[in-house]
Amino acid sequence: MKLAEALILRADCQKRIAQLKARLLVNAKVQEGDAPAETPQELIAELGRVSTELLDLIKRINRTNSAAAFAGRGTISDRWPSVMYLRFSVLLTPNWRRRPRFRTAASRVRK
């Protein structure tokens, strides 16, 4: 299996888990005396199977990222903290280089 396929399957598992959680919540709220549309035990069992599949995929993706070379500068796992650092440093750095394109009337008032 290629990394791209594993990433797609991981996303599918995550969506499926979200759907199963929503279905569990819907089936948990039933009127007294009514039967739920789906049995919660089956949904919980399916949630367990999908969660196990997701865990396996995450382990395999991490193993691949730890072994895959990244442009001769280490592995993808080695580079990932740098990518995240750059992403967050850009978000947290004030935009001090950007100047307003025009002056407002208030900025032209002299004392």
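Select E46 and bring up its surroundings: setting aside neighbours within four places in sequence, E46 is in contact (heavy atoms within 4.5 Å) with R16, L20 and R23. You are looking at a predicted model, in which local features need pLDDT of at least 70 and side-chain atom pairs count only at pLDDT 80 or more, while totals for chains, interfaces and linings use all residues. Residues are numbered from 1 along each chain as its sequence is written, and side-chain values use heavy atoms, with hydrogens and water left out.

Stay on E46 for a moment. Is E46 buried or exposed? E46 counts as buried because its relative accessibility is 16%; buried means under 20% relative accessible area, exposed over 50% and partly exposed in between, with a 1.4 Å probe and protein chains only.

Helices here are DSSP runs of H or I with at least four residues, strands are runs of E with at least two, and both are numbered from the N terminus. Helix 2 has 28 residues and reaches 40 Å from its first C-alpha to its last, close to the 40 Å expected at 1.5 Å a residue; the expected span is 1.5 Å times one less than the number of residues. Colour its buried residues next: L43, E46, L47, V50, L54, L57, I61 and N65. As you do, recall that an α-helix has 3.6 residues a turn, so residues three or four places apart point the same way.

Next, select residues 3-28, helix 1. Its 26 residues should span 38 Å, and its end C-alpha atoms are 37 Å apart, which agrees.

Show the two helices together. Their axes come within 9 Å and cross at roughly 155°; axes are lines fitted to C-alpha atoms, for helices over the stretch in contact, with angles from 0 to 180 degrees between N-to-C directions. That makes helix 1 roughly antiparallel to helix 2, a label for angles over 145 degrees. The residues of this contact divide into 17 nonpolar, 5 polar and 5 charged. Nonpolar covers Ala, Val, Leu, Ile, Met, Phe, Trp, Tyr, Cys and Pro, charged covers Asp, Glu, Lys and Arg, and polar takes the others, Gly among them.

Finally, zoom out to the protein. There are 4 helices and 0 strands, following the pattern α-α-α-α along the sequence. Buried residues make up 14% of the 111 residues.

Methods:
Parallel < 35°, antiparallel > 145°, perpendicular 65-115°, else oblique.
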